Amino acid sequence: MSLNTKKLAKNAWRVTKDRHLTCLRIRVPGGHLPAKFFPILQEIADRFGDGSVHLTTRQGFEIPGIALAATAEVNTLIAPLIRELEVDQGVQVPAPEEGYPAAGTRNVVACIGNRVCPQAVFDTTSLAYDIEKTIYPNNPHVKIAVTGCPNDCVKVHLHDIGIIGQVEPIYDPSRCIGCQACVKNCRQVSTGALRFHNFKVQRDAERCLGCGECVLKCPTGAWSRGGQYFRVVIMGRTGKKNPRLAAPFLEWADRETVLRICRNLYDYIDRHIDRTLAKEHVGYIVDRTGYPTFRDEVLRDVVLSPRAKVAGFFRPSGYLYDKSALAGQESHI
Amino acid sequence: MSNNPYLPFRAPILSKTRQTAVDWTYHIGCSLNPVPGQFVEVSLPGVGECPISISDFTPDSVELTIRRVGKVTENLSRLEEADYLYLRGPYGQGFPLEQFAGRHLIIAAGGTGLAPVKSVIRHFAERPETLAGLTILAGFKSPEDILFRPELESWSRSFDVQVTVDQVCDVPVPSPGHVGLITALIPDLAIPSPTNTRAIVVGPPAMMKFTCAELLRRGLKEDQIWVSLERRMSCGLGKCGHCRVGSTHVCLDGPVFNYAKARKLVD
Amino acid sequence: MGSLIEAAALDELLRLLKPKYRIYAPVRLPGKGRFSDTDLIGYAEINRSRDIVFNERSYFSPKEILFPVNQTLFYFTESQWREPETDDREILVFLRSCDLEAVKRLDQALLHNGPYPDSYYQEARAKVKFVLMECQEEFEGCFCASMGTNESRDYAFSIRPENGAYLCDVREDLEELFGRLGKPREHEPAFVREHKNPVRLPDNPEAFSEHPFWREYSERCIACGRCNVVCPTCSCFSLQDIFYDDNPKVGERRRVWAGCQIDGFADLAGGHSYRRDKGERMRYKVLHKIYHFKEHFGVNLCVGCGRCDYACPEYISFSRCVNKLAELEDSTKAEANRKLGDTSAAVEVKKDVK
């Protein structure tokens with residue numbers, strides 16, 4: 001049996017334990033799927049697979065147990081889904097009936113966002129589509145996630161690029177009744193950026209996360225929503241070497257900036273990737289080039305909004321898989 | 001704007017006398033001619049306003065006895081003679097003195113509750129012949145908390161005055177002194193004719209409730225008792241809503257209420 | 001006088017009124033809703049007829065025009081007071097029947113309770129005229145007809161959008177303007193007459209003051225006060241003194257909306273607080289709206305606008321609460337009758353008061 005596994009993987013099919021079987025991966029940008037596609041998934045699973053569908057952590061589907069010989073036929077079946085979720089959103093897919101054109105850059109995941117969630121400060125699905133359009137199809141292994149508020153339900157802190165919605169709260173003292181619902185709540189669930197003085201509220205802009213909790217709690221509309229911005233955290237990862245949470249890169253960045261840095265990231269990777277390796281994850285490239293190079297190259301030609309701030313240093317928390325800690329004598333539990 | 005009822009007037013402090021560690025009596029130069037039991041809104045610009053019952057008055061002054069319990073009273077306590085404060089009022093319904101004429105009057109006051117009835121006592125001290133008798137029961141936490149010592153002393157020369165404290169210390173209690181709650185004094189009171197007796201009960205909510213209950217046990221009817229309610233009066237004008245209980249605004253219909261009405265106020 | 005006025009002509013009319021009037025109407029404030037990418041329907045000054053939102057209920061009521069959220073009563077310096085300057089223009093407010101009736105309740109509370117009228121409200125009130133926005137059908141959760149506030153006629157003119165133009169019933173001194181800008185057209189404003197969920201009032205809800213019924217609200221209410229601030233008839237306020245940071249001898253005294261559901265409303269100096277329990281606060285509010293105010297002024301305070309139900313983040317329904325009280329009263333009466341074995345006599349529910 002002859003099979004180009006590189007081509008297979010690029011077409012979003014897996015090499016599996018069984019030499020005759022493969023597994024189809026379906027991208028669902030932003031994790032929001034029109035329900036009309038479920039019959040297609042079911043048909044593929046029933047006719048070509050083992051009748052089951054796996055829900056991935058990246059908000060896609062994997063349909064296992066498909067014969068390697070059936071990939072071309074199955075690709076034609078998912079063409080309508082690729083057309084609607086990719087092509088119609090502006091993604092360049094040369095031949096949808098031939099399946100996915102790339103798999104290295106992973107599905108852009110997103111929390112449910114403000115189409116449903118009261119706490120979300122923006123429409124995460126729509127930004128996920130815009131990012132998908134900017135970065136896909138592409139081969140480098142990059143994970144991007146979008147979340148509606150700093151609760152980070154989608155765990156953007158475990159992504160190469162994590163995008164967190166921010167809203168600038170606007171305060172109208174003439175509508176404030178001094179109930180302090182915002183002050184108490186900010187202290188309780190967010191950063192304690194609000195202070196009550198002279199019967200009115202003062203916001204410490206340095207401390208404010210832009211979570212919008214004050215707007216949610218205000219009974220009179222004294223707090224309302226100003227501009228939508230984004231906090232960007234970078235280079236969070238899992239993996240066998242050095243799992244770590246992402247660290248701040250930008251805050252109060254506008255949408256244009258977010259899309260631009262996603263695009264510039266690929267130029268940066270192209271410039272610095274170690275081509276002797278089968279693949280190199282972007283986080284390890286940043287470890288090698290250092291943060292300043294990453295920052296300067298990714299922000300090239302970016303016009304930051306007046307409010308935007310760029311991190312001066314990159315110091316992510318994490319650890320090396322260091323077996324000595326567990327083999328050592330220090331902990332007797 | 002004409003007739004702005006929120007505008008206070010400025011009035012000088014003529015004198016300031018310390019009553020206890022936390023209570024002071026101020027004489028304020030102004031002519032209000034209140035009814036005993038009424039209150040004023042006292043304010044300090046930039047700090048705020050609070051309701052204070054008038055403890056006594058002359059034609060050209062009012063006496064306020066103020067306990068340091070909150071932000072405004074804390075700041076008031078720092079004022080001295082010749083300083084100014086700001087007043088609005090008098091507000092509310094006072095004690096119906098005419099209803100007590102010819103009766104035996106029992107006044108039971110707990111702590112600062114003595115302030116709003118002080119001018120009632122003074123009124124009758126000046127005309128003892130208009131009452132069949134006056135019994136004054138004054139309860140305090142400790143001898144150090146006793147208010148109006150000289151006045152209690154002087155009233156005791158004309159009337160039956162009994163002072164009780166919850167707990168004793170080195171400071172003496174005016175004779176005849178008791179230890180215990182006011183309610184404990186009531187069963188032994190001489191009440192020759194319950195029907196010809198009227199009572200005023202002013203103090204903390206629990207003290208009023210139990211004292212009224214004891215008086216009812218001694219044969220008084222609900223409508224023979226008057227109380228003065230402590231509520232969060234704020235505007236004093238029946239507008240702000242803070243002191244409303246049911247359809248009653250304490251600042252307009254009270255703070256003095258007949259007990260038959262007061263006991264029906266469900267908070 | 002009935003009149004049909006085209007949108008452009010109404011705009012002209014508004015333009016002509018502008019020098020003399022501040023004109024307020026419910027408008028769409030884009031992005032100003034509580035949740036992201038949502039709008040707020042609130043009151044603001046308008047210039048054009050198309051700014052007026054006819055097909056939705058405003059989230060906040062028009063009370064803030066006559067009774068601002070924050071109102072400076074006076075500025076003070078070391079020994080002097082100065083009242084704030086006021087706008088000499090008259091006020092024209094577009095509002096619905098329930099809200100117009102609500103203004104009459106505010107009149108009772110702020111002008112006629114106690115010996116002194118509230119001079120700030122009085123001054124604004126003397127300047128205001130109303131434009132009745134017709135309700136051709138109810139909004140979700142309204143019950144004005146149950147409260148008898150569905151038909152208010154104290155307006156300068158009424159208005160109903162009709163195929164890009166407006167049908168009006170014109171009164172008072174605006175007849176001349178309408179005569180010039182509109183066309184005569186017989187018109188009688190429509191009023192809402194019935195509701196999907198009508199509200200039935202109990203006769204004596206005070207009898208249930210101590211009933212365990214209220215405990216449900218102790219658990220559910222979060223004391224946010226949204227019901228108070230959206231209510232067109234809640235008029236409680238607190239007085240606040242502030243001094244300016246860089247000169248504590250100069251400052252101002254304000255009054256600011258307060259709400260009986262919010263923590264601190266019934267606190268006394270020294271720490272005591274009445275109605276700490278949220279069920280007690282609910283009872284206090286509900287009884288005021290449907291019973292205690294009426295005891296004093298002869299009409300119920302609640303006008304049935306339904307805003308409190310819509311605003312409650314815990315989905316507590318005022319109208320459901322009132323209906324439950326009525327049901328409770330029914331069943332208590334029925335039980336009393338059954339016990340007496342006398343089903344024909346109406347039995348007075350004994351007041352349960354401590």
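1. Salt bridges across the model. Over all chains of this predicted model, the count comes to 72 salt bridges, a salt bridge being a side-chain nitrogen of Lys or Arg within 4 Å of a carboxyl oxygen of Asp or Glu. In chain B, a network of salt bridges links B:Asp56, B:Glu63, B:Lys118, B:Arg122, B:Glu126, B:Arg127 and B:Glu151.

2. Conventions. Residues are numbered from 1 along each chain as its sequence is written, while chains are lettered from A and ligands numbered from 1 in the order in which they are written. As the model is predicted, local features need pLDDT of at least 70, side-chain atom pairs count only at pLDDT 80 or more, and totals for chains, interfaces and linings use all residues; side-chain values use heavy atoms, with hydrogens and water left out.

3. The pair A:Glu97 and A:Arg83. These two side chains meet in a salt bridge at 3.7 Å, N to O. A:Glu97 lies in the loop between helix 4 (79-85) and strand 4 (109-110) of chain A, and A:Arg83 in helix 4 of chain A, so the pair ties together parts that are 14 residues apart in sequence. Helices (H or I, at least four residues) and strands (E, at least two) are DSSP runs, numbered from the N terminus. A:Glu97 counts as partly exposed at 36% relative accessibility, and A:Arg83 counts as partly exposed at 38%. Here buried means under 20% relative accessible area, exposed over 50%, and partly exposed in between (1.4 Å probe, protein chains only).

4. The pair A:Arg115 and A:Asp123. The closest N and O atoms of this salt bridge are 3.1 Å apart. A:Arg115 counts as partly exposed, with 44% relative accessibility, whereas A:Asp123 is buried, with a relative accessible area of 19%.

5. The pair A:Arg307 and A:Glu168. A salt bridge joins these side chains at 3.2 Å, N to O. The pair links distant parts of the chain, 139 residues apart: A:Arg307 is in the loop between helix 10 (291-298) and strand 11 (309-310) of chain A, and A:Glu168 is in strand 6 (residues 161-171) of chain A. A:Arg307 counts as partly exposed at 41% relative accessibility; A:Glu168 is buried, with a relative accessible area of 13%.

6. Helix 6 of chain A. The buried residues of this helix (residues 181-189) are A:Cys182, A:Val183, A:Asn185 and A:Cys186. What covers them includes strand 7 (194-197), strand 8 (200-203), helix 7 (213-217) and strand 9 (223-234) of chain A.

7. Extent of the interface of chains C and A. In contact across it are 24 residues of chain C and 27 residues of chain A, where contact means heavy atoms within 4.5 Å. The two chains bury about 2,000 Å² between them, 47% of it on carbon and sulfur atoms. Buried area is the accessible area (1.4 Å probe) that two parts lose on being put together, summed over both. C:Lys32, C:Arg34 and C:Ser36 supply 25% of the area that chain C buries against chain A, more than any other three residues.

8. The side chains of C:Glu64 and A:Arg175 meet in a salt bridge at 2.9 Å, N to O. On the side of chain C that touches chain A, helix 8 (226-230), strand 11 (237-244) and strand 12 (247-257) of chain C each supply at least two residues. Strand 11 of chain C gives the largest share of that side, four residues.

9. Strand 8 of chain B. B:Thr135 has its place in this strand (residues 133-140) and is buried, with a relative accessible area of 4%. Not counting residues up to four places away in sequence, B:Thr135 touches B:His104, B:Leu105, B:Ile106, B:Ile107, B:Asp160 and B:Leu189. B:Gly133 is also found in strand 8 of chain B; with the same exclusion, B:Gly133 touches B:Arg103, B:His104 and B:Leu105.

10. Confidence. The model scores ipTM 0.91 and pTM 0.91. The mean pLDDT (the predictor's confidence in each residue, from 0 to 100) of chain C is 92, and 95% of its residues reach 70 or more. Over residues 349-354 of chain C, however, the pLDDT is below 50.
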